[in-house]
Each structure stands twice: as structure tokens, then as C-alpha cells.
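Student: I'm new to this one, could you walk me through it?
Tutor: Gladly, let's look at it together and take your questions as they come.

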Amino acid sequence: MRNPDLSSGTWLTDSSAWLNQVQALLRASHAVVVAVASKGRSVMLHDEDDSDTAGIVLSLAKLCLDPHYRSLAGLAALIEEDWLAFGFKFALRCGHGVR
């Protein structure tokens, strides 16, 4: 890696695949939205590698498809329905409470 400009902080994302992962999640969510809204199709999502990708894609698609989930009450319901109820590993994924 070249000498990074430490003042900008972009070297952290440039050296990881974080932006590529976000792009892939947004593309998958877009595909779900198009399939459901434009084509009237049902969609089934599945994680093969315990990566929580399906939950993230589902949540993003719900945010796009239903304005209810773009409200504070809707966001709380989304987190409860799609993250907490399915056992999202917040402590492991976000580092909260992990020592």
C-alpha cells in the first residue's frame, strides 16, 4: 500500500473490500425490489455462509418497498422483525459487549 493520507481516513476503506460489499448488497436489494415491485414475483433469500447477507438485503428491500419502514416506528419494527427475531449477532458483528 502507498503512503496513505492519514488525515482523510479514506485509507481505511480503500484498503478493505467494504465499499465493494456495500455495492453488492445494494445491487442485490435492487434486484429484490425490481422482482417484487415491477414483476410481481416472490423472492426467497438464503445465507450460505452465516454472513447475514440475506437479512441485510431483505431489510434494504423493505426500506425501498414500504414507506412504513422509513419511519421511526417502522425502523424499530424492521430491526425487531428481521434482526432480533432471527438472532442477528450484534455483539459479534458490531463489537458491542465483546471483550
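**A residue on helix 2 and beyond**

Student: How exposed is Val 36?
Tutor: In this predicted model, Val 36 is partly exposed, because its relative accessible area is 33%. Val 36 sits in helix 2, which covers residues 18-38, and together with Val 43, Leu 45, Leu 58 and Leu 65 it makes a nonpolar surface patch of about 330 Å².

Student: And which residues of helix 2 are buried?
Tutor: Leu 25, Ser 29, Val 32, Val 33 and Ala 35 are the buried ones in helix 2. Around the axis they cover an arc of only 165 degrees, so they lie on the same side of helix 2.

Student: What do they pack against?
Tutor: The buried residues of helix 2 pack against helix 3, residues 53-65, while the face turned away from that buried side carries the exposed residues Asn 20, Arg 27, His 30 and Ser 38.

Student: New topic: how many salt bridges are there in the whole structure?
Tutor: A search of the whole structure finds two. In one of them, the side chains of Lys 62 and Glu 81 meet at 3.3 Å, N to O; Lys 62 lies in helix 3 and Glu 81 in helix 4, so this pair ties together parts that are 19 residues apart in sequence.

Student: Which residue forms the other one with Lys 62?
Tutor: That is Asp 82, whose closest N and O atoms with Lys 62 are 3.0 Å apart. Salt bridges that share partners join Lys 62, Glu 81 and Asp 82 into one network.

Student: Are Asp 82 and Lys 62 buried or exposed?
Tutor: Both Asp 82 and Lys 62 are buried, whereas Glu 81 is partly exposed, with a relative accessible area of 34%.

How values were computed. Residues are numbered from 1 along each chain as its sequence is written. This is a predicted model: local features need pLDDT of at least 70, side-chain atom pairs count only at pLDDT 80 or more; totals for chains, interfaces and linings use all residues. Side-chain values use heavy atoms; hydrogens and water are left out. Patches are made of residues with over 30% relative accessible area and no salt bridge: like charges are joined within 9 Å, nonpolar side chains (Val, Leu, Ile, Met, Phe, Trp, Tyr) within 5 Å. Accessible areas come from the Shrake-Rupley method with a 1.4 Å probe; for residues, only the protein chains shown count as cover. A salt bridge is a side-chain nitrogen of Lys or Arg within 4 Å of a carboxyl oxygen of Asp or Glu. Helices (H or I, at least four residues) and strands (E, at least two) are DSSP runs, numbered from the N terminus. Buried means under 20% relative accessible area, exposed over 50%, partly exposed in between (1.4 Å probe, protein chains only). The arc is that of the directions from the helix axis to the C-beta atoms. Contact means heavy atoms within 4.5 Å.
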